[in-house]
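Please look through the sequence and the model shown here before reading the briefing that follows.

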Amino acid sequence: MINQELQLKLQAYLDGELMPSEEAQVKDLIESDAEASALCIELQSVKAALTGADLEIKLPETREFFWSKIQREIERQSAAQAAPAHKPSWVEWVRGHLMPVSGVALVLGVMGIMALHSSSSAAQFGEMELASDNMGAYTFRDQQEGMTMVWFYNRDDSQFTADSSLASVDHQ
C-alpha cells in the first residue's frame, strides 16, 4: 500500500526534484514494488498528456503584487473581525430611543393645541343673524355636554321683553 508521502516522493522523482540519495531510494522502490512501479507509469503518462496542454495565463500584474493584494485583504478582514463590537453609550441609547418618542410627543402636542384652538374659536366665532329686528334669540351653551341651544322669539309677543319683566331679571 502506497501512502500519500510515497506518492509525493514518486511525483517529485519524476519531476527531478529529489536529492540524489532520495532519488536512489525511490528508484530502488520502483524496481522492487509492483504497485509503486504501476503508479510511476501512470504518473508518467499523465505528465506526458498534460505537457503542452497547460494554458499560459498572463496576469495584468506581477505575481508578487497579486499575492500581496491577497495578503493585504486577508489582513484587513482579520483586523475587522478582531475589532471589538461597538457598545453604545447611554447617551447614544437615549438619543436613539428618546428622540423618536419626543418627536411623536411634539406632534401630538401640536395636534392637541390645534384641536383646543379650533373648538374655542368655533365657539367664539359662532354668529347668528336674525331675519327681522322684531326677532330675538336666547342662547344657552352647556360646556360639559358640548351642546348649544338657541331660542327664537318674537319681541312683540314676548312677555320677557316687557319693561316690567326686564326689571325683574337678576343680572349676575
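Predicted model: local features only at pLDDT ≥ 70, side-chain atom pairs only at ≥ 80, totals over all residues.

Residues are numbered from 1 along each chain as its sequence is written, and side-chain values use heavy atoms, with hydrogens and water left out.

- The buried residues of H1 are Leu10, Ala12 and Leu14, where buried means under 20% relative accessible area, exposed means over 50% and partly exposed lies in between, with a 1.4 Å probe and protein chains only.
- These buried residues of H1 pack against helix H2 (20-32) and helix H3 (34-50).
- Just after H1 comes Gly16, which takes a positive phi of about 75°.

**The whole chain**

- The protein chain has 6 helices and 2 strands, which are DSSP runs numbered from the N terminus, with helices (H or I) of at least four residues and strands (E) of at least two.
- Along the sequence, these elements of the protein chain follow the pattern α-α-α-α-α-β-β-α.
- Of the 172 residues in the protein chain, 9% count as buried.
- Among contacts (heavy atoms within 4.5 Å) with a separation of 6 or more in the protein chain, 20% come from residues 24 or more positions apart.
- The protein chain exposes about 15,100 Å², of which carbon and sulfur atoms supply 59%, the areas coming from the Shrake-Rupley method with a 1.4 Å probe, and for residues only the protein chains shown count as cover.

**Salt bridges**

- Side chains of opposite charge can pair when their charged atoms come close.
- The structure holds 4 salt bridges, each being a side-chain nitrogen of Lys or Arg within 4 Å of a carboxyl oxygen of Asp or Glu.
- One of them joins Asp15 and Lys47, whose closest N and O atoms are 3.5 Å apart, and this pair links distant parts of the chain, with Asp15 in helix H1 and Lys47 in helix H3, 32 residues apart.
- Asp15 is partly exposed at 39% relative accessible area, and Lys47 is likewise partly exposed, at 40%.
- Another salt bridge is formed by Glu61 and Lys69, with 3.0 Å between the closest N and O atoms.
- The side chains of Arg76 and Glu73 also meet in a salt bridge (2.5 Å, N to O), and these two residues are separated by about one helical turn because they stand 3 residues apart in helix H4 (residues 63-82).

**Aromatic residues and the nonpolar patch**

- The structure holds 1 aromatic pair, and the rings of Phe66 and Trp67 count as edge-to-face because their centres are 5.5 Å apart and their planes stand at 75°.
- Rings of Phe, Tyr and Trp (its six-membered ring) pair if their centres lie within 6.5 Å, and planes under 30 degrees apart count as stacked, over 60 as edge-to-face and the rest as tilted.
- Tyr138, Phe140, Met147, Met149 and Trp151 make a nonpolar surface patch of about 480 Å², to which strand S1 (135-142) and strand S2 (147-154) each give two or more residues.
- Patches are made of residues with over 30% relative accessible area and no salt bridge, like charges being joined within 9 Å and nonpolar side chains (Val, Leu, Ile, Met, Phe, Trp, Tyr) within 5 Å.
- S2 gives the most to the nonpolar patch, with 3 residues.
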